[in-house]
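Please consult the sequence and the structure shown here alongside the text.

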Amino acid sequence: AVVSTQSGHYGRGILFVVFFCTLFFVVSLIPVKMYSTDLWFAFLCECVVRQVHQTSLLRCPGCSSGLKSAVLHLHEQQSLLEKMRDLYQEVRGTILPTLPQLYEQFQEHLSNSGDEKKDLQCYVDAGRQFLLLMTSDSIYYGRYLDEFVDGIIHGAFQIKKKKGVAGGRKRAKVDAKV
């Protein structure tokens with residue numbers, strides 16, 4: 001009786017292994033296109049940093065007064081982290097509505113499923129969640145931007161500059177913000 005009980009455990013174990021091997025094989029045959037958000041999040045971080053920098057320049061009393069000495073410019077005195085802590089909430093609010101346009105600007109660098117509407121929705125939703133969950137410190141210290149993605153992201157901004165305002169009114173508004 002003991003032998004038959006042990007062989008029953010072995011039988012169930014073998015069935016378990018066969019089941020999962022079969023399941024793994026079947027799943028591997030299904031063409032699944034995964035979204036990679038790392039580059040998208042890095043691009044959004046760069047958009048935040050650029051917008052923070054631009055906003056700090058616009059609000060600098062030294063710049064608005066036309067002062068020449070760097071010592072008299074608030075944007076020169078503050079570190080990037082300080083500026084991000086001061087302006088992140090506001091900048092995030094200006095970037096969130098422009099996520100579809102930002103996706104269009106950067107989509108050639110992102111993986112896609114072949115369904116443009118689905119891709120747009122997935123990346124915009126992921127970007128919205130990312131920006132809502134992040135803090136200025138997590139973007140600054142998060143290592144989303146590195147030497148590898150720096151060239152890709154800045155290349156996307158260079159392409160946008162070369163295209164100019166050809167995208168129409170909405171595009172011109174986004175170009176002015178980021």
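E46 is buried, with a relative accessible area of 10%; buried means under 20% relative accessible area, exposed over 50%, and partly exposed in between, with a 1.4 Å probe and protein chains only. E46 belongs to helix α2, residues 38-59; helices (H or I, at least four residues) and strands (E, at least two) are DSSP runs numbered from the N terminus. Beyond its neighbours within four places in sequence, E46 is in contact (heavy atoms within 4.5 Å) with L145, I153, H154 and F157. The C-alpha atoms of E46 and H154 are 8.9 Å apart, although 108 residues separate the two along the chain.

This is a predicted model, in which local features need pLDDT of at least 70 and side-chain atom pairs count only at pLDDT 80 or more, while totals for chains, interfaces and linings use all residues. Residues are numbered from 1 along each chain as its sequence is written, and side-chain values use heavy atoms, with hydrogens and water left out.

**Confidence**

- The mean pLDDT (the predictor's confidence in each residue, from 0 to 100) of the protein is 78, and 69% of its residues reach 70 or more.
- Confidence is highest in helix α5 (residues 80-95), at a mean of 96, and lowest in helix α10 (residues 169-177), at 37.
- Over residues 1-5, pLDDT stays under 50, and the model has zero contacts there beyond four places in sequence.
- Over residues 165-178, pLDDT also stays under 50, but for this stretch the model has 22 contacts beyond four places in sequence.

**Overall architecture**

- The protein has 10 helices and zero strands.
- Of its 178 residues, 31% count as buried.
- Among contacts with a separation of 6 or more, 79% are between residues 24 or more positions apart.
- The protein exposes about 11,700 Å², of which carbon and sulfur atoms supply 61%; accessible areas come from the Shrake-Rupley method with a 1.4 Å probe, and for residues only the protein chains shown count as cover.

**Covered positions**

- Helix α6 (residues 99-106) is mostly covered, with six of its eight residues buried.
- The buried residues of α6 are L99, Q101, L102, Y103, Q105 and F106.
- H75 lies in helix α4 and is buried, with a relative accessible area of 11%.
- Not counting residues up to four places away in sequence, H75 touches S56, L57, C60, C63 and K83.

**Salt bridges**

- The structure holds four salt bridges, each defined as a side-chain nitrogen of Lys or Arg within 4 Å of a carboxyl oxygen of Asp or Glu.
- One of them joins the side chains of E90 and R59, at 2.4 Å from N to O. E90 lies in helix α5 and R59 in helix α2, so this pair ties together parts that are 31 residues apart in sequence.
- E90 is partly exposed at 37% relative accessibility, and R59 is partly exposed at 47%.
- R85 forms a salt bridge with D137, and their closest N and O atoms are 2.6 Å apart. R85 lies in helix α5 and D137 in helix α8, so the pair ties together parts that are 52 residues apart in sequence.
- R85 is partly exposed at 47% relative accessibility, as is D137 at 26%.
- D125 and R128 meet through their side chains in a salt bridge of 3.4 Å, N to O. Both lie in helix α7 (residues 116-133), three residues apart, about one turn of the helix.

**Cysteines**

- The structure holds zero disulfides, a disulfide being a pair of cysteine sulfur atoms within 2.5 Å.
- The sulfur of C45 is 9.2 Å from the closest cysteine sulfur, in C47, which is too far for a bond.
- C63 is in no disulfide either, and the nearest cysteine sulfur, that of C60, is 3.8 Å away.
- C45 is buried, with a relative accessible area of 1%, whereas C63 is partly exposed at 33%.

**Loops and surface**

- R143 has a positive phi of about 60 degrees although it is not a glycine. Most residues other than glycine have a negative phi.
- R143 sits in the loop between α8 (136-141) and α9 (147-163) and counts as exposed, at 73% relative accessibility.
- L72 is in the loop between α3 (61-65) and α4 (74-77) and is partly exposed, with a relative accessible area of 47%.
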